[in-house]
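Okay, thanks for making time, everyone. Let me put the picture up, and then I'll walk you through it piece by piece.

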Amino acid sequence: MVPLMEHKNKFYVTTPIYYVTAKPHLGSLYSTVLADVAARWNKLFSKKVFFLTGTDEHGQKIAEAAAHAGKSPQEFVDSFIHPYKDMWHRYHIDYTKFIRTTDEYHKKAVQQWIEILMKKGDVYKSFYEGWYCTPDETFVTAKEGSSSDEAPSCPSCGRITQRVSEETYFFRLSAYQDKLLKFYEEHPDFIIPKERAHEVVNFVRGGLKDLSISRTTITWGIPFPGDAKHVTYVWADALNNYITAIGWGQQAKKDEFNFWWPADVHILGKDIVRFHAIYWPAFLMALDLPLPKHLLVHGWITVDQKKMSKSFGNVVDPEILLEKYGADPVRYYLVRQMAVNSDGDFSYHDVQERITSDLANDLGNLLNRMVTLALKHEQKQILAPKHWSAESIHLRDEYYNMLEDLKKHMHDYMYHLALARVWKFIHQVNAYFHGKEPWKLAKHELADFIEVLSATAHSLYAVAIVLWPVMPTKMEQLLASLGKKIALEGDQLQKLEESPWDMTFSLQQGETLFIKPPEIVQEPMTSQETIETKSTSPTINIDDLTKVELLVGTIEQAQEVPKSNKLLQLQVNFGSLGMRQILSGIKQSYSAQEVIGKQAVFVVNLEPRLMMGLESRGMLLVAESEDGQAKIITPAAPVPNGTRLK
Ligand code: MSP
């Protein structure tokens, strides 16, 4: 068995390195956000974290794309580096290192890897005759029984393959079949989720052929050591990035390499499992290096159930999402909405819904209501009470339960479940806060009022810490509203778990945490020009809304106001609240006779106003139709006069 390194207080996570034939799309963002969440989660435990991402820049596919763009391959790949780094930066991706496979140190290390394997006899020269899929950069075996000149389609992308017939160097993959099977058996949690392991095991059981690792028909690749006719096969080049980035192959970086390797988790999409679960472990076995601890294999983001791709014209541009919604809400959407272990369909409707309902309503409003209420009653410093009420203790128990469940989900990399669990707790905090009616307690029961504030603040504090890996900037803002900061020394989870709720909070009114997005007018897809948003007013909170008193009343009498071509003078019955005179500018849309007997909605706590010498004590609500006509707002069914809108 391959020896596993002893446990160290470190965490090494990687993303796939991306082919640089286009700017990053939502699929690459998804892999990268998952890795960032994993990295930040481990920072909460005060682990030393190495987060690697980068670009895969060699191979036939890139050479062809560069030729198509009329650029040299190097110029072509260089042009994508800024867009990648910039996008990651704007999405708060806090990577440690960005590797490019055209980096000199990487190229040298890959050549060294080949030399070692040649010496061992694991790499040998021969002749390859078969099929190659350029979009997937993969060798494809023809189906049993098919004629030798019939091109098979690629099992991964379905496209027709090309005939390849050339001298090549092979990696002796067949020699690792049994060792691989033994490894999978001894490490049942190597591939997460487990279901993905079956296809890998079956494939290996079916028999492994030696793998061609060099090409003579292309020049854009790492030159094969000692044989200038050949360049290294792009996957043999690319997979090695996971070790070369942390110093493998560089004498001066030996300690660094030994500290970080093996990777704790490689994150990748389901289309590249075979390369990571079969070739990569075999390459490492050939070097006598320990194997990565886990592969986290996520599904695809689909649009209308189809994989996002340029040819379907359904590629979602992360840039547009960023401008519309901001980085953290998009990160939240991706992690929450997409189940790590299956495909997930992208829709703007779902993004809007998640932001409006989960972020703005459930979380943002709770914070805002709590802070506004406290400050309104001059409670800024919130001390923990000496004794907690039964309801607060119950909430605290739920907090401990939440932390326990959350840790388990995060440990299993089931991030969508972890977020769902945190939201269950946020709902409980909302129920506690509203159930306690602190706005009433504030007037007469100061100690109880402060207890509710304290319990809510303790709950929100924990929520902010555990959600920080997903929404770092927003959660730092939430913490600032509580007078706190994110601390990365010591085990933050343990601190939360052991907290008896004895913290003091210093509340600050911050900017609105999450803004509800305006309704979508037209769904943008690929290009910037299609963004269209309605202009909206700044959001208000529920307290602002309750300041406006809206009542239903029946118009009992109506007459034209002399000399005014706009106004009608109305006498409105508000039931037990009495009659009121209200003037309304609807004369161009309704005659006096037409409105008599109608039930309508009125704002009744506006300051009284004099119009044409007459006093108006309220305002009739109307909507304007497309032709500029006022339309009175009427309840769908009659209600008692004086009914309050809520
Ligand atoms: N260059 C190789 C990886 C080499 S790693 C040593 C590669 N690059 S890629 O740019 O094509 O894909 C990179 C990652 O993006 C893969 O994990 C892939 O699964 C992911 N995604 C690409 N499209 C995707 C979706 N539509 N949805 C989710 N992720 C997908 O493969």
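Let's start at Leu 482. Leaving aside residues up to four places away in sequence, Leu 482 touches Leu 367, Met 370, Ala 457, Leu 460, Tyr 461, Phe 505, Ser 506 and Leu 507, where contact means heavy atoms within 4.5 Å.

Before I go on, the ground rules. This is a predicted model, where local features need pLDDT of at least 70 and side-chain atom pairs count only at pLDDT 80 or more, while totals for chains, interfaces and linings use all residues. Residues are numbered from 1 along each chain as its sequence is written, and side-chain values use heavy atoms, with hydrogens and water left out.

Back to Leu 482. Together with Phe 346 and Leu 363, Leu 482 touches the most other members of the largest nonpolar core, which has 114 residues. By nonpolar core I mean a set of buried Ala, Val, Leu, Ile, Met, Phe, Trp, Tyr and Cys residues joined through side-chain atoms within 4.5 Å. Buried is under 20% relative accessible area, exposed is over 50%, and partly exposed is in between, with a 1.4 Å probe and protein chains only. Helix 17 (residues 446–467) gives this core its largest share, 13 residues. Helices here are DSSP runs of H or I with at least four residues, strands are E runs of at least two, and both are numbered from the N terminus. The core also draws at least three residues from each of domain 1 (10–298) and domain 2 (347–506). There's a second, separate core too, with 68 residues, including Trp 260 and Ile 278. As general background, nonpolar side chains in soluble globular proteins tend to be buried together.

Now let's zoom out. The chain has 646 residues, and 52% of them count as buried. Its secondary structure comes to 21 helices and 27 strands, and the C-alpha trace spans about 100 × 65 × 40 Å along its principal axes. Besides domains 1 and 2 there is domain 3 (542–632); these bounds come from an automatic or database domain assignment. Taken over C-alpha atoms, the centres of domain 2 and domain 3 are 43 Å apart.

Next, helix 13 (residues 348–376). Where is its kink centred? On Ala 360, and the kink is about 40 degrees. That bend is the angle between axes fitted to the seven residues ending at a residue and the seven starting there. Just after this helix, Glu 378 takes a positive phi of about 60 degrees.

A few individual residues now. His 106 sits in helix 4 (residues 104–120). Is His 106 buried or exposed? It counts as buried, because its relative accessibility is 0%. The side chain of His 106 makes a polar contact of 2.7 Å with the side chain of Thr 244. A polar contact is a pair of N or O atoms within 3.5 Å; within protein, one must be able to donate a hydrogen and the other to accept it, and residues adjacent in sequence count only if both atoms are side-chain atoms.

Tyr 169 is in strand 7 (residues 162–171), and it is buried too, at 7% relative accessibility. Leu 211 is 42 residues away from Tyr 169 along the chain, yet their C-alpha atoms are separated by 8.4 Å.

Over in the loop between strand 21 (579–584) and helix 21 (592–595) you'll find Ser 589. A polar atom of the Ser 589 side chain lies 2.9 Å from the backbone nitrogen of Ala 630.

What about disulfides, meaning pairs of cysteine sulfur atoms within 2.5 Å? The structure holds zero. Cys 133 is buried at 0% relative accessibility, and Cys 154 is buried at 3%.

Last stop, the backbone. A cis peptide bond joins Ile 192 and Pro 193, with omega about -5 degrees. Another runs from Trp 261 to Pro 262, with omega near 5 degrees; Pro 262 is in the loop between helix 9 (254–260) and strand 12 (265–269). Ser 46 isn't a glycine, but its phi is positive, near 65 degrees, and this serine is partly exposed, at 29% relative accessible area.

Methods:
A disulfide is a pair of cysteine sulfur atoms within 2.5 Å.
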